[in-house]
Amino acid sequence: MKLLLHACCGPCLLEPYDALAAEHEVRVVYANPNIHPRAEYERRRDTLLAYAAENGVVVDELDYDTDAWEAAVAGLDRESGERCRACFRVRLGAAARHATELGYDAVATTLAVSPYQDPDSIREVGEDVCAEVGVAFVVTDFRDRYREATRRSRELGMYRQNYCGCRYSETEAIEAREARRKR
Ligand code: SF4
């Protein structure tokens, strides 16, 4: 099967790519207009591209359309899960459309390796956006590989971010660290 793997960053690519490439023809797409600021977006992208270049991984970069992302999440909150669902929809929707343009059969995402993301939301949104354009969504759960992904990315000296990606999550991560420090 020809599978397009949406990748959020280099460290999260490692384990899902190896697992999926063992069974499928895998190409990677970097579709992450959620990441703020642009310098952070480029740093994560360049980390991914450096690993890809060294390991023969093909990567497509899609538009960094931050206006569309902001419009999609406007007024939505994190607590209900709606903001992150809308964020997944923008990114996985772009990946699904790109898969159809390439003539690929299916889409998966490296978001499935993170214990900080809601797997049910990823699955529901992924299945939905893929059904809209007629490709399959490969449901994966790589959370049991997160420790290994962390170990490998450290060993490789990869840049590892300390917040999810959007401007809201940057502030939330700072506040959470501050709260932990006070405790
Ligand atoms: S916290 Fe992460 S998943 Fe949620 S909206 Fe921000 S970047 Fe997207």
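A: Leave aside the neighbours within four places in sequence, and Val 59 is in contact (heavy atoms within 4.5 Å) with Val 28, Tyr 30, Leu 48, Leu 49 and Ala 52. Keep in mind that this is a predicted model, where local features need pLDDT of at least 70, side-chain atom pairs count only at pLDDT 80 or more, and totals for chains, interfaces and linings use all residues. Residues are numbered from 1 along each chain as its sequence is written, and side-chain values use heavy atoms, with hydrogens and water left out.

Val 59 itself belongs to strand 3, residues 59-61 (strands are DSSP runs of E, at least two residues, and helices are runs of H or I, at least four, all numbered from the N terminus).

Now hop to the loop between strand 2 (25-30) and helix 2 (38-55), where you'll find Pro 37. Most peptide bonds are trans. The one from His 36 to Pro 37 is cis, though, with omega near -5°.

Next up is the ligand. Around it you'll see Asn 34, Trp 69, Arg 83, Cys 84, Cys 87, Phe 88, Arg 91, Gln 117, Cys 164, Cys 166 and Ser 169, each with a heavy atom within 4 Å of it. Helix 4 (residues 82-102) gives the largest share of that shell, five residues.

Helix 4 also meets helix 5 (residues 119-133): their axes come within 9 Å and cross at roughly 35° (axes are lines fitted to C-alpha atoms over the stretch in contact, with angles running from 0 to 180 degrees between N-to-C directions).
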